[in-house]
Amino acid sequence: MPLTTIRKRLAAALAILITGVIVSTAAHGETELVLGDQAKTVRSLVEASGVLKGAPYRYKWANFQGAAPLFEAARANAVDTVMAGDLPLLIALAQQSPLKLVATRDAKPGALGIVVPEHSPIHSVKELKGHEVLVSSARGSISQYQLYGALKEAGLTPDDVKVRFILPTDAAAAFNSGRVDAWATFNPYFAIASENGGRVLRDGTGINPSLDFIAATDSALADPEKRAAIQDFLKRLARAGEWAADHPKEYIATASKLTGMPPATAKLAVERTARNTRPVSHSDIEKLQKLADESVAEKILPFGVKVEGAVGPRLLGRE
């Protein structure tokens, strides 16, 4: 595929993923939830399944292209819930963000990875030595942890490469223009890059814990009506995951429409996306604590985090 075509398709696919516009959605009831999302990931699943139709509260979607600006919104109480991967959540907790974990979503290790341009002379992680690698989006992202793990596996250290942190849409433009050697990123940007000519050096298999979480702000949980609405939303989100397993074509079509990704790219992104929603388990807490301790040792986290203290009420019932 010509590079100019790839650029046009990538630009079109990413244009709609830019951060922060809040979209109102009609529903009954006086209580209103602002649902924080990344790259319309959760919204695509919810709208495809239709599980929020008839919800007894109003809701809005707040879309961001990465975890860092989403957590800024949470700290400002501009959203009531957030969806984020394991390490970004730990960074937010280390920064004393007013959040509690209320659900887990089992992510897929193939949902993130390191890509190089199609005709790059780099064919292994070891060959990244001395080259620049963009990491999306900010320090403490799941992509940073995946990159550092891949470097260690290849006998390298982070000092052996030139790491630059940049938001996904900016990283995509730089990567696609040929100005950088490699890009460590996550879904759907990883799917977009790999579907449009990017060559995968290493994905997150065997490196990342592959856990996503839904967290709610302390202020939302302290409001009885919002807490009840969040509980209802989580139950509906769990049903949406069950629906998606039996309706992949409808799910892909909605994801393509909402994000602007071509159907083939949306299919790849959807196949890599976490679908199930369940209670936070003791195993999740242990895995997240292990990640926190390792991240302190790797100097990704500034100091330790006690994960158990950040677990909120079991809104989805017992584990």
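## Largest cavity

In this predicted model, α2 (41–49), α10 (248–259) and α11 (263–271) each contribute at least two residues to the lining of the largest cavity. Helices are DSSP runs of H or I with at least four residues, strands are E runs of at least two, and both are numbered from the N terminus. The greatest contribution to this lining comes from α10, with 3 residues.

The volume of the largest cavity is about 100 Å³. Of the 13 residues that line the largest cavity, Thr-41, Ala-255, Met-261, Ala-269 and Thr-273 are the closest to its centre. A cavity is defined on a 1 Å grid over the protein atoms alone as a set of points where a 1.4 Å probe fits but cannot get out, whereas a pocket is an open set with protein on both sides within 12 Å along at least five of seven lines; lining residues have an atom within 4 Å of a point. Grid points are joined across faces, edges and corners, and a volume is the space filled by probe spheres set on the points.

The lining of the largest cavity comprises 7 nonpolar, 5 polar and 1 charged residues. In this classification, Ala, Val, Leu, Ile, Met, Phe, Trp, Tyr, Cys and Pro are nonpolar, Asp, Glu, Lys and Arg are charged, and the others, Gly among them, are polar.

## Second largest cavity

The count of cavities of 30 Å³ or more is 2. The second largest cavity holds about 30 Å³ of space, and its lining includes Trp-61, Ile-214 and Phe-233. Two or more residues of this lining come from each of β2 (32–38) and β4, with β4 giving the most, 3 residues. By class, 7 residues of the lining are nonpolar, 2 are polar and none is charged.

## Largest pocket

The largest pocket has a volume of about 530 Å³. Its lining has 37 residues, of which Gln-38, Gly-85, Pro-88, Ile-142 and Phe-186 are the closest to the centre. At least two lining residues are supplied by each of α3 (67–75), β4 (81–85), α4 (86–94) and β11; α3 gives the most, with 5 residues. The lining divides into 18 nonpolar, 11 polar and 8 charged residues.

## Strands β5 and β11

Strand β11 (residues 211–217) runs antiparallel to β5 and is joined to β5 by 7 bridges; strands pair if DSSP finds at least two bridges between them. Thr-104 has Phe-213 in β11 as its bridge partner. Of the 8 residues of β5 (residues 99–106), 6 are buried, that is, under 20% relative accessible area with a 1.4 Å probe, protein chains only.

## Basis of the values

Residues are numbered from 1 along each chain as its sequence is written, and side-chain values use heavy atoms, with hydrogens and water left out. As this is a predicted model, local features need pLDDT of at least 70 and side-chain atom pairs count only at pLDDT 80 or more, while totals for chains, interfaces and linings use all residues.

Conventions:
Buried means under 20% relative accessible area, exposed over 50%, partly exposed in between (1.4 Å probe, protein chains only).
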